[in-house]
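User: I'd like to learn how to read a multi-chain model step by step. Could you walk me through it?

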Amino acid sequence: MLKLKRSLCTECEICMAICSWTHFGENTTKRARIKIEADWPKTPVIRVCLACKDHECVAACPHGALTWENWIQLDQDQCDGCAVCVDACPVQGIHLDKRTGFPLICDTCEGQYRCVQWCPTKAVQKKE
Amino acid sequence: MKTWYGYTGRILDVDLTSAILSETELDPCLANDYMGGKGFGVKILYDQLPPQCEPLSADNILVFATGPLTGTLAPSSGRFEVCTKSPATGLWLDSNCGGYFGPELKFAGYDMIIVRGKAKAPLMLVIDDDKFELRPAADLWGTDTITTHRQIKATFGKDFKVACIGQAGENGALIAGIISEYRALGRGGAGAVMGSKNLKAIAVRGSGNIPIFNPDGFMKTCREAFNELANNPDTGGGRQKYGTNVILSLMDEVGIHPVRNFQKGKFAGADRVNEDVVEEYYVRNKACFGCPIYCSKIAEVKEGKYKGSFTEGPEYENVWSFGANCENVDVGAIIQAEYLCDYYGLDGISAGNVIGFLMECVEKGLLKESDIGFPMSFGNDESIINAIHHIGKGEGPGKRWGQGVKKLAQQIEGAHEFAMHVKGLELPAYDPRGSTGMALAYATSDRGGCHLRSWPIGDELLATEGRMDLVSLEFKAELVKTQQDLFGMINCSGMCLFATFAVNLKQITPFLHAVTGLDVYSSSEEVMKVGERVNNLVRLFNIREGLTRDLDTLPNRFFSEPLEDGPNRGRVVRLDQLMDEYYMVRGWDEDGVPGEEKLKELGIDAK
């Protein structure tokens, strides 16, 4: 799982770019499961699933599309893009894919943690 | 329709006079021969700008252009260019900026925006993916850039990226820049051009993807380049810690850091204004899109007279222009000054030069304090802050000061000797009496007094191997020419010049090829040729606008006043031999006109 040190974040958005690249093979920041929310000149906020114990998104989903197995898993066949999970997330760590309407939730790149590897300042870290 | 990689293949053409917006396709020849950014700008301006057009008239064209690497994962590739005819020099102007606007424009699906004509009333351009429109901006007119950014984001959405002008650009100050995501396209008066067109701002949001031709090759080169940047002592060390101020003490030590409007080469206040002191003001690190160097900083003044002031910076040039150049030792004032320049939309280098120039005018008795309206003397921090407010608002004599040093000196008898500009653009923070490379770089820079067309001081002072003698003339013409072509190409690519401290041409070439898939970018020679082609076409543009050899020179002070202190004591600039050599190396004749053979070699058709 991820842990964040937002005071180290420089807003370079490399995490967003590598996330979109890894999951969709697309060079964009807009399909990322992690999001840097800038509020210049203040320190930015990093919004991403932190894998909380309560799994409130799973409980909130009215369609049973979300389950927990190592990370939050989405069954796209059950999901209708209602975004209830987005509102349920206590850390605002779920984003909607503008292209498909499905929620984007961190899957740790199935253990590869690409954002952690690419972050130049260790603002995004792996929680041991 | 052609499938594009790296490029979006689409251009947004905006005519403000008729309010007609149209989408056009990118010409493949443009991508092959001129790559992007500055290259796109010069080809369009050379072909389409009416010769001798008045820069602040509806005839002028303002091009916002990205490069093929802009917005990609290639490191430090968040850059875009604004190209136009400069109202400060009457010649070519391109200004480069990082931040997030360039990548967002690509994500929205455009390689560039061409702005023509003049709106009847203040407008802003809003681009949301493939939807675009002009909207009234009367409510934003008269507003500073920081409020303008916030207001636009509050109205349209916080993920919109903005480029806008402040009051200085609206008022036609020739030292006004464009501010984008709190960073500046400062130099040469692009802000005044935007203001003359009644265009307050451009806001863009995009959700698209930039297709990559060879994803595996691209990722391999990315990893290598990110490693190079992390392991380089500058990009992975000093620049991360200190930002661009990393070289402050060194420049002072070698006597190149100009003091008192270039009267001296050694700063008595260097112990109070240096990278270690400035670093104490840094609150956090800040980067542009996709950049692991994070040379930008957020700085805040915690105590003293300027308590509460903050800025993104202050960066090296402004620490000099409001510091040593005005003999000011209050770092708080420097931070406030840089903030105010961003706030009003002013260029910090030119503003600091204007103030240093006014200080010297008063010191020499050419201006009286009553001409100024408040105390104006070297070392007085309040002189600096007051002057910026006056210039920014265009208040009283501030309106005249905003026209820059060249125009000011024409109105003040005897001031010509110490008007520190080249071709009408004020000089940056290196004294050419201590660096023959910088002397030639300034004299031959296509936009006037600039350190970013070539930066020979790097090879003269900082290179780990093959370091050159600072004041020798040997090989300086070749060095400046080669760097100008490299930097020219980088400013076409979308990558940042700072990345080239660690990432060399042998890595940039595979980037360009993997991203675009264009055959022409499989060879480093061809890639460098783009830089040379661009510089030669800019030269032709400048000659058409009236550039002659006698303007390829420096302020008289550097020829007639030897430095009195520091390691370069007694030195003046000798330029004639260097200029002859430079023209020869360039394949230009003795008047600085590109020869037919050179143009043929570069495939330039000079109509």
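**Reading the fold, from chain to residue**

Analyst: Gladly. In chain B, 70% of the contacts with a separation of 6 or more join residues 24 or more positions apart. Please keep in mind that this is a predicted model.

User: What does the secondary structure of chain B come to, and how does its radius of gyration stand against the globule rule?

Analyst: Chain B has 25 helices and 17 strands. Its radius of gyration is 22 Å, close to the 25 Å that the globule rule gives for 607 residues, so chain B is as compact as a globular protein of that length. Along the principal axes, the C-alpha atoms of chain B fill a box of roughly 65 × 55 × 45 Å. Of its 607 residues, 61% count as buried.

User: Next, the domains. Which domains does the assignment give for chain B?

Analyst: The assignment gives domain 1 (10-205), domain 2 (243-426) and domain 3 (432-501 + 523-602). Let's take domain 2 and domain 3 of chain B, whose centres over C-alpha atoms are separated by 25 Å. Their contact draws 20 residues from domain 2 and 24 residues from domain 3. On the domain 2 side, β16 (421-422) and β17 (425-426) of chain B each supply at least two residues. By class, that side of domain 2 has 11 nonpolar, 4 polar and 5 charged residues.

User: Now to helix packing. What should I look at, and at what angle do the axes of α20 and α22 of chain B cross?

Analyst: Two packed helices are described by the angle between their axes and the distance between the axes. In chain B, the axes of helix α20 (residues 476-493) and helix α22 (residues 524-544) come within 7 Å and cross at roughly 95°. That angle lies in the range 65 to 115 degrees, and α20(B) and α22(B) are therefore roughly perpendicular to each other. Among the residues that meet there are G488(B) and M489(B) in α20(B), with V530(B) and G531(B) among those in α22(B). The contact of α20(B) with α22(B) has 7 nonpolar, 4 polar and 2 charged residues.

User: Which residues of α8 in chain B are buried, and what do they pack against?

Analyst: Helix α8 (residues 234-242) of chain B has T235(B), R239(B), Q240(B) and Y242(B) buried. The buried residues of α8(B) pack against α7 (215-231) and α10 (275-279) of chain B. Just after α8(B), G243(B) takes a positive phi of about 70°.

User: Let's finish with one residue. Why does S383(B) count as buried?

Analyst: The cut-off for a buried residue is 20 or more other C-beta atoms within 10 Å. S383(B) counts as buried because it has 22 C-beta neighbours inside 10 Å. S383(B) belongs to helix α15 (residues 381-393) of chain B. Leaving aside residues up to four places away in sequence, S383(B) touches I355(B), M359(B), P375(B), M376(B) and S377(B).

User: And how does S383(B) relate to G488(B)?

Analyst: S383(B) and G488(B) are 105 residues apart along the chain, and their C-alpha atoms are separated by 37 Å.

Technical notes: Residues numbered from 1 in each chain as written. Chains lettered and ligands numbered in written order. Predicted model: local features only at pLDDT ≥ 70, side-chain atom pairs only at ≥ 80, totals over all residues. Domains from an automatic or database assignment. Contact = placed C-beta atoms within 7 Å. Helix = DSSP H or I, 4+ residues; strand = E, 2+ residues; numbered from the N terminus. Nonpolar A, V, L, I, M, F, W, Y, C, P; charged D, E, K, R; others polar. Buried ≥ 20, exposed ≤ 12 C-beta atoms within 10 Å, placed from the backbone. Rg over C-alpha atoms; globule rule 2.2 N^0.38 Å. Axes fitted to C-alpha atoms, helices over the stretch in contact; angles between N-to-C directions. Parallel < 35°, antiparallel > 145°, perpendicular 65-115°, else oblique.
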